[in-house]
There are 2 protein chains.
Amino acid sequence: MTAATPPAPTVLPIPRGLRPGDTAALVAPSGPVPEQLRTQAVEAFTAWGLTVEVFDSVTARHPRYRYLAGTDELRAADFQAAWTRPDIAAVIAARGGYGAQRMIDLVDWDAVRAAGPKLFAGSSDITALHAALAHRVGVSTVFATMPASTHFDDTAADSLRAALFDPAGTRTVQGPNARSLVEGRASGPTVGGNLCLLAACAGTPEQQCAAGAVALLEDVGEDLYRLDRLLTQLLRSGWFDGVAGIALGSWTACGDPAAGTVEELIVERLGPLGVPMVWDLGFGHHRGALTVPLGVPAVLDADAASLTVNP
Amino acid sequence: MTAATPPAPTVLPIPRGLRPGDTAALVAPSGPVPEQLRTQAVEAFTAWGLTVEVFDSVTARHPRYRYLAGTDELRAADFQAAWTRPDIAAVIAARGGYGAQRMIDLVDWDAVRAAGPKLFAGSSDITALHAALAHRVGVSTVFATMPASTHFDDTAADSLRAALFDPAGTRTVQGPNARSLVEGRASGPTVGGNLCLLAACAGTPEQQCAAGAVALLEDVGEDLYRLDRLLTQLLRSGWFDGVAGIALGSWTACGDPAAGTVEELIVERLGPLGVPMVWDLGFGHHRGALTVPLGVPAVLDADAASLTVNP
């Protein structure tokens, strides 16, 4: 089976926001979670007045592959159980790494869809789960620094908290280094996430496209030639066809100054699309990285180097 | 545009073999070629009684990205000119690296197709060009250690020479470490190549599948979790649906023993397909790596751990 041409992104229903006293589920769909970072995650959510339920995958280790948090079956079961339990108001991926694509097909998506919209947050490898939720459930999700990430500082936490407690609120996303690469103004639903994962979804049921949308792109730990290959694959697979605007995040530990810079590469590969584009909007893999919801209406103002969601 | 479901691989026409006195074109569709390795390539082909024409891309450098051999336009023009010149009997990629996917769309494929079948050899990043030639021209090609590779020793050279001078000949491919992973016997056209490139072709016009075919897979320099992601993408994109058998090459500088072994990973991911599978058949990224033609009829005898082409 090959993925058919993916539908253009649309604005998706926004789940109800969290309230103090709600229960949030901490799950690990991808990599294993160090104990200290798990504690950090629980403490942050507890400080927000939430009850945190730590699912087994968060403390599990795969018996063979140390890059996985428990077996595929456990990671899928935890995600599904958290989503389908009526007493849980938000499902939070503790961290990324790799592994979401191994567990997606083990989830009973009919059961997840039947349980209705719910808040979901994560980033990096979790980009695949965002796409699965958009395609199979039709719900907006939250692309955010994860609470068991070393980048989860006060700024990142405040941004995630706002997105979880007031998901439909109007907010402007703009980090301290945001600047315009291609001027102009674009509006559309937000889509995208981690570049490597977007490319890794090509050909699969999570293949998406950015037609009419404001696309988010960021990555971590990729050589310049690898970024080139990922961008080229997305370009040649039609991912960017009809994109309205592009918001770039951080490119942490990416590139090789001797080979060329990431900014040069992106301008060379994506500049010809001729759409508004902002450099280093403020999300990605770094301390203080901001939250951006996916599947919500947004305006990218490249002149002001800002993104406003739920305008 | 998204690639439609790719057609099942078929046996493709085999171009006429080389004869002493023929001219071979040396081109660089991907990365830059060190001068010393260029000399090695020219000397090897000259020793076979061929005239070698070194195209400009082989000596060029991209003005910005040091991982590319000249501009995309030059690399595409060289490939096209070499293919369409009647006095050239074989087009040989000097080395891989990265970049074939940047130049494919700049080739006039109608002109290439009109020029008719011609021998083409390369591997690694050149996997994308093999797929383009199979899809757009319909010609069998030669997956081989490239002459400007550090792995091009006497064994590799002899194997390439046989494939170029007698492309329709019956030959058995079996390196010294080949052994059965899943027993049995499979027959079908050969398809595949470098795992990373096969995944990087997903969603693009070079997306392929291995239905009914004997699939070749090898890679170099990928962490275990990356190999997992690549295999998972191919599995979930349908690449392996209906595959007849799998011939694995080398996994040079791949994996991380502490995370698990490449062999374990491959058995876990591909074993459930239940088709004959051979470990370390003898092709890939290493000295002495053997040539395997693509798009030719083949029999994979996993009991004997060998692949016979043009049986």
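This is a predicted model: local features need pLDDT of at least 70, side-chain atom pairs count only at pLDDT 80 or more; totals for chains, interfaces and linings use all residues.
Residues are numbered from 1 along each chain as its sequence is written, chains are lettered from A and ligands numbered from 1 in the order in which they are written, and side-chain values rest on heavy atoms, with hydrogens and water left out.

Two copies of a chain are related by a rotation about an axis and a shift along it.

The contact (heavy atoms within 4.5 Å) takes 48 residues from chain A and 48 residues from chain B. The area buried between the chains, that is, the accessible area (1.4 Å probe) that two parts lose on being put together, summed over both, is about 3,900 Å², of which carbon and sulfur atoms give 43%. Between chain A and chain B there are 13 salt bridges, a salt bridge being a side-chain nitrogen of Lys or Arg within 4 Å of a carboxyl oxygen of Asp or Glu. On the side of chain A that touches chain B, the elements giving two or more residues are helices H3 (100-103), H7 (195-200), H8 (224-236) and H9 (262-270) of chain A, where helices are DSSP runs (H or I, at least four residues) and strands are runs of E (at least two), numbered from the N terminus. H8(A) gives the most to this side, with eight residues.

A search of the whole structure finds 37 salt bridges over all chains. One of them joins Arg269(A) and Asp72(B) at 3.9 Å, N to O, and this pair crosses between chains, from helix H9 of chain A to helix H2 of chain B. Both Arg269(A) and Asp72(B) are buried, a term for under 20% relative accessible area, with exposed meaning over 50% and partly exposed in between (1.4 Å probe, protein chains only). Within chain B, the side chains of Arg16(B) and Asp22(B) meet in a salt bridge at 2.9 Å; Arg16(B) is partly exposed at 41%, whereas Asp22(B) is buried at 12%. Asp72(A), Arg75(A), Arg102(A), Asp228(B), Glu268(B) and Arg269(B) are linked in a network of salt bridges.

His62(B) lies in the loop between strand E2 (51-54) and helix H2 (72-84) of chain B, and is buried, with a relative accessible area of 14%. A polar atom of the His62(B) side chain lies 2.9 Å from the backbone nitrogen of Arg64(B). Leaving aside neighbours within four places in sequence, His62(B) is in contact with Leu68(B), Ala69(B), Gly70(B), Thr71(B) and Arg102(B).

Helix H5 (residues 127-136) of chain B has seven of its ten residues buried, so it is largely enclosed by the rest of the structure. The buried residues of H5(B) include Leu129(B), His130(B) and Leu133(B). Just after H5(B), Gly138(B) takes a positive phi of about 75 degrees.

Note on methods:
A polar contact is a pair of N or O atoms within 3.5 Å; within protein, one must be able to donate a hydrogen and the other to accept it, and residues adjacent in sequence count only if both atoms are side-chain atoms.
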